[in-house]
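Q: I'd like to learn how to read a few features off a model. Can we walk through some together?

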Amino acid sequence: MSNIRHFEFDRPIQNQQPAFNIEKIFPDFSIKSFTFIITVSQIAIYLVTLGFSLSAEPTICTLYAFGAKYTPSIVLKGQVWRLVLPILLHANTLHILFNAFFQLRIGFAVEKYYQTYKFILIYIISGIGGNIFSAYWDSQNVSVGASTSLFGVFANFGCYYAYNWHKFGPGRDFNLLVYAIIVAISFGSAYDTPNIDIAGHIGGFISGSLLGFALIPREESERRWCYIIYGSFIGVIIYFTVLALMVFNMEFPICEQYICDPCSGTK
């Protein structure tokens, strides 16, 4: 039997470590990783949007100009990039700081486990999956943020535990319970908090779960996992096909595409 590759969180703490070790805060930290590069890019883009807005936080029209999700523009103008670019944008300083910390906290370990090229695929497609779900569910609002991708990455933990369940020791039930509680709290708090795009979180989590199983690093050849993996690929195709048909068949008054027209009064 091959050795299981663990997330950094599962490894025993080594003795005689330096007084400060950044990997204690951000496991498997690496400045060469996609996790680090995308986080720095998001912070830089946030500063640029602040500069264009000339205010304490980016304005709606600045975010719209940079590619925020807005369903009427996606449907009426065919601006499909609004399903991708929101991953790079953030609404305010607290938003970018929270997402950046959470991303650095879990991203390095997940990226190391899945390998960078798979992690990039999961990150981007989860972001698109969250945004297209939000485009249908919450079609009247402008939304931005990497949370769609982050919930997809967070879903990968569940895939990891499911795949390696039989290899864990007595603490596996407790770890699963903790994970389930964190998921419940994350969705519950988002549901009760104004201005949080819960639809984007749900869509990102669903996309990340499907991709997490489809791209799981194979260490066994059991037939049931072949079925799960193939089924997950099919699930991804069905998910995006159904939502794309639903979104692009929505109808809007033609004027709604002009949310940031100079005459609309929106800033």
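**Reading spans, burial and contacts**

A: Helices here are DSSP runs of H or I with at least four residues, strands are E runs of at least two, and both are numbered from the N terminus. Keep in mind that this is a predicted model, where local features need pLDDT of at least 70, side-chain atom pairs count only at pLDDT 80 or more, and totals for chains, interfaces and linings use all residues. Residues are numbered from 1 along each chain as its sequence is written, and side-chain values use heavy atoms, leaving out hydrogens and water.

Q: What is the helix content of residues 228–248?

A: That span is 100% helix and 0% strand, with its end C-alpha atoms 30 Å apart.

Q: Is K118 buried or exposed?

A: Buried means under 20% relative accessible area, exposed over 50%, and partly exposed in between (1.4 Å probe, protein chains only). K118 sits in helix α6 (residues 116–137) and is buried, because its relative accessible area is 17%.

Q: Which residues does K118 touch?

A: Contact means heavy atoms within 4.5 Å. Leaving out residues up to four places away in sequence, K118 touches L215, I216 and P217. Its side chain also reaches the backbone oxygen of L215 at 3.2 Å.

Q: And where is I25?

A: I25 belongs to helix α1 (residues 22–25) and is partly exposed, at 34% relative accessible area. The C-alpha atoms of I25 and R105 are separated by 6.7 Å, though the two residues are 80 apart along the chain.

Note on methods: A polar contact is a pair of N or O atoms within 3.5 Å; within protein, one must be able to donate a hydrogen and the other to accept it, and residues adjacent in sequence count only if both atoms are side-chain atoms.
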